[in-house]
Amino acid sequence: MTISFSLPYWADLHAHFRQGPALGDFLRAHAEMGCYAVLAMPNTKPPVAKILKSDGGDNWSIEGYLDDIKQASGDVFDDVIVPLYLTKETTPAMIEAGAKSGLLRAAKYYPPHGTTNADFGQPLLSYLDNDVFKAMAESGVTLCVHGEEHGIHGPDYFDRDTNAEDIFYRERLPRVVDTLPDLNIIAEHITTKTACDFVIQAGDQIGATVTPQHLLYTVSDLLQGLKYHLYCLPLVKFARDRDALRNAVTDPDNVKFFAGTDSAPHFDKVTECGCAAGCFTGRIAPQLYAQGFEEAGCDLSSQSNQEIFKKFLCETGPAFYGLKSSDKTFSLTKTPQKVDALPTADKDVLPLPLGLGQSEIPWSISV
Ligand SMILES: [Zn+2]
């Protein structure tokens, strides 16, 4: 019998929608896969690094980007969170005022020059020194972290025994947690056993997002044939790391790991001298997560496993961010679905499976 089950609408708590004419296309691609809430990342150009439109300077504001998203999406989402991009201009007073206004619910740490449009970030511990993190802890603003140590070059950036994420979760983030045990932190798009272990042993105030690609693939998949559509940051890692992620998300007692696709559309993924980081999984993320669960040995024909999947996709993340749940439902069915490029007002965008040469995925969705 064909496996099919129903789920409540889910929240993608880490996604990139960019800006410009295709913004609405990217937002609709999320609505089409049963998202009722999204967390829209602030690494636009310029970055979303102030609260109100009327605040000074050239950066974009949370208020303005929320307006753009509402308008471009036709207001389809029940809730949209836009985190503040932490820069050298962020102050504790901004955090307090932003939290009071209701617009500031999360703030994003990017390692300086760590990934696409991440040129404004400052070293993590500078926000401890200037009391920005303290203000966030006191105002209940969640810290979203891109957890990679900045400025690492040479073999330590990616090696069998260490890498930028490993160093970050071993040496850097524990100092923030020790200093501010009440600060809510989301370890975003984690890729290593080190990060998994860190989140598991930490208190209830710390959760983590996991992307479809990090559940499905290892660095071998990236390297064999140099499949650059799988190039994202942090990089896919080794089998033992993927196993740790798989164990974490399929654990029946999981209350810390949840969906955040890090879906990131690029019109020009590859250039003469490099590659833009990010995998586009709009319209197909629940299907890819289901595939990942099954490849992790979690048979989704069983009702108890469907419950574990539901917790990961639809419940744990919204609970972390205090979102109301949705009463709409969609269903996943284990019949193959054809994957198409997303047409946009700009160029077409290739979703990850097509970039890997797969024109079909094992699960289909009906919303
Ligand atoms: Zn991201």
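I checked the length of helix H2 (residues 62–73) first: at 1.5 Å a residue, its 12 residues should span 16 Å, and the end C-alpha atoms are 16 Å apart, so the two values agree. I note that the model is predicted.

I then looked up burial along H2. Ile-62, Tyr-65, Ile-69, Ala-72 and Ser-73 are buried. These residues cover an arc of only 105° around the axis, which means that they lie on the same side of H2. Asp-67 and Gln-71 are exposed on the other side of H2.

Which elements do the buried residues of H2 pack against? I found helix H1 (23–31), E3, strand E4 (48–50), strand E5 (60–61), strand E6 (79–81) and E7. I also recorded that Gly-74 follows H2 and has a positive phi, near 70°.

I turned next to the sheet. It is open and has six strands in the order E7-E8-E9-E10-E11-E12, with parallel pairing. Its edge strands, E7 (84–85) and E12 (257–259), each pair on one side only. E7 pairs with strand E8 (residues 106–109) in the parallel sense over two bridges, and I located Tyr-85 opposite Lys-108 in E8.

Finally, I examined the largest nonpolar core, which holds 112 residues; Cys-35, Leu-84, Met-136, Leu-143 and Ala-187 touch the most other members. Strand E3 (residues 35–40) supplies the largest share of this core, six residues.

For Leu-84, I listed contacts without counting residues up to four places away in sequence; among them are Ile-62, Val-48, Ala-49, Ala-107 and Lys-108.

Key. Residues numbered from 1 in each chain as written. Predicted model: local features only at pLDDT ≥ 70, side-chain atom pairs only at ≥ 80, totals over all residues. Pairing = 2+ DSSP bridges. Helix = DSSP H or I, 4+ residues; strand = E, 2+ residues; numbered from the N terminus. Core = buried A, V, L, I, M, F, W, Y, C linked by C-beta atoms within 7 Å. Buried ≥ 20, exposed ≤ 12 C-beta atoms within 10 Å, placed from the backbone. Contact = placed C-beta atoms within 7 Å. Expected span 1.5 Å × (residues − 1). Arc of directions from axis to C-beta.
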